[in-house]
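Open the model in your viewer and keep the selection tool at hand. The tour goes from one selection to the next and says what is there.

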There are 2 protein chains.
Amino acid sequence: MTMQNERLIFITNDDSYLSKGFRAMVNLAKEFGRVIAIAPDRVQSGMSQAITINQPLFMRTVEQSEGVEIYAFSGTPVDCAKIAFDHFFANKRVDLVLSGINHGSNAAVNVMYSGTMGAAIEGSFYNVPSIGISLDDHDADADFEGAVEQGRKIIAQVLQSAETLPRPLCLNVNVPRCAREEIQGIRLCRQTRGFWREDFYARQDPHGRDYFWLTGAFQNAEPEAEDTDEWALAHKYVAVVPVQVDMTDYAMLRSLNGVIK
Amino acid sequence: MTMQNERLIFITNDDSYLSKGFRAMVNLAKEFGRVIAIAPDRVQSGMSQAITINQPLFMRTVEQSEGVEIYAFSGTPVDCAKIAFDHFFANKRVDLVLSGINHGSNAAVNVMYSGTMGAAIEGSFYNVPSIGISLDDHDADADFEGAVEQGRKIIAQVLQSAETLPRPLCLNVNVPRCAREEIQGIRLCRQTRGFWREDFYARQDPHGRDYFWLTGAFQNAEPEAEDTDEWALAHKYVAVVPVQVDMTDYAMLRSLNGVIK
């Protein structure tokens, strides 16, 4: 049954179409409309806003059932969003972009490294409300119940106000790792200041070659700031940060006056 | 001859250590101090802020000569910056990060897709002044003379004021494609608003499988705005945009008040 005026929801992620969080998102989105998902055919975590310039990309059909179409794409998360909007949806009205549900937090500066948020940001460039949802739990078998429940509320609120909210509209939603009933509520936040410091795991491979493996920890520069997304997560709130892409450092522009000439 | 207090300059890029622009940057940087470069071992254009989480990374020595060390790394541009600072430079004072010279403009929203700027941004997280330099010419054999000349001026100006300028300090420098003597000067700019719209090249491979290849064009939302980097490039100025990474949409935070709850 296809309803007239039924919503069309585009879904992607970075953990691939095989992840538990992706399936949770598809099931959640079905409550709100017809779903077309184009997701990476393999794990693309940490792919940021990366695009594939120098290679051809392949797509295959994974599922075509009542109200749900799922395709696996060989590109990055952003490639998935681009081919959806610039090729498949050329003449379709899309009502909502959802990315995730990601296995692992994308709070703070993680918004920049995350393929999930890369795709959500890209989706917002098409003037469609775009929501990336992440659960602060990297486990492949993580419990997405709380994230689904909170995501449902946020999606409903965004859809209800979609016509009046400005564009581009992109939300970075992070859900704490705790029992569903322990979640304290939803907080609008700003991105926490702080950076990752890495500790490269250095070993030798079976052929005697040195290798390095990235591992690190986020250094929160303002752990006490109650208006930040990291604070919210640490206190079992769902953190919602609206995201924009003007990266100009306006304060620095003033400092550089007369210095760069 | 190693001078006491000699500057240490870290270089990376996204076109790999084999590119002409990388070599131009190394030669330019040598004028300012000792150079240690860790650059991708293959082309990593469009890799944004991507990091390699699920694979080991390998490094090999390319060159160790008077004042210049060059290493090829199997990671992304950001991986190159991370392993430099978090592994090799752990106890060294680094004076400057240079990324590029990129073959192709990274003005406007390209700052988000660019591996060159991804690495420059990452470098700035270590409290070292960081400059990404790009030439608006994708040709593998592009003429970097003008970019070197303008880059030299900007590097000298940044180093001269390095102690008084705030941190993080990251500059996105884009040089127009024109004869060296046609360049009109250097302009401090903000990032131009606008997005890419892609036109996927769709064909069949020799085995009859459909493939897609990304190709597109930047849609400038404000071509007349004289304070933007695209305007500067179009008018043969060198565009310098300071870059920061708080992506919070503060105006949207206010719009969402009472909507998301």
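Start with strand E13 of chain A, and colour its two faces separately. Val238(A), Val240(A) and Pro242(A) lie on one side, Ala239(A) and Val241(A) lie on the other, and all of these are buried. In a regular strand, side chains alternate between the two faces of the sheet. Counted along its length, 5 of the 5 residues of E13(A) are buried. Keep in mind that this is a predicted model. For chain A the average pLDDT is 96, and 98% of the residues score at least 70. The model has an ipTM of 0.95 and a pTM of 0.96.

Which way does strand E7 (residues 170-175) of chain A run relative to E13(A), parallel or antiparallel? The two run antiparallel and are joined by 4 bridges. To see one pairing, select Leu171(A), whose bridge partner in E13(A) is Pro242(A). Now select E8(A), which runs parallel to E13(A) and is joined to it by 3 bridges. Here Arg187(A) has Ala239(A) as its bridge partner in E13(A).

Now turn to the nonpolar core. The largest one has 160 residues, and the members that touch the most others are Met25(A), Val240(A), Met25(B) and Val240(B). Select Val240(B) and show what surrounds it. Leaving out residues up to four places away in sequence, Val240(B) touches Ile154(B), Leu171(B), Val173(B), Ile186(B), Arg187(B), Leu188(B) and Cys189(B), and also Ile260(A) from the other chain.

That last contact leads to the boundary between the chains. Select both sides of it: 63 residues from chain A and 64 residues from chain B take part. On chain A, the elements that each supply at least two residues include helix H2 (77-88), helix H5 (145-161), strand E8 (186-188) and strand E13 (238-242). Which element gives the largest share of the chain A side? H2(A) does, with 5 residues. By class, the chain A side has 37 nonpolar, 15 polar and 11 charged residues.

Finish in chain B with helix H4 (residues 115-124). How many of its 10 residues are buried? The count is 10 of 10. Among them are Met117(B), Ile121(B) and Glu122(B). To see what covers H4(B), show the elements its buried residues pack against: strand E1 (8-12), helix H2 (77-88), strand E5 (96-103), helix H3 (110-113), strand E6 (130-135) and strand E7 (170-175) of chain B.

Methods
Residues numbered from 1 in each chain as written. Chains lettered and ligands numbered in written order. Predicted model: local features only at pLDDT ≥ 70, side-chain atom pairs only at ≥ 80, totals over all residues. pLDDT = per-residue confidence, 0-100. Contact = placed C-beta atoms within 7 Å. Nonpolar A, V, L, I, M, F, W, Y, C, P; charged D, E, K, R; others polar. Buried ≥ 20, exposed ≤ 12 C-beta atoms within 10 Å, placed from the backbone. Core = buried A, V, L, I, M, F, W, Y, C linked by C-beta atoms within 7 Å. Pairing = 2+ DSSP bridges.
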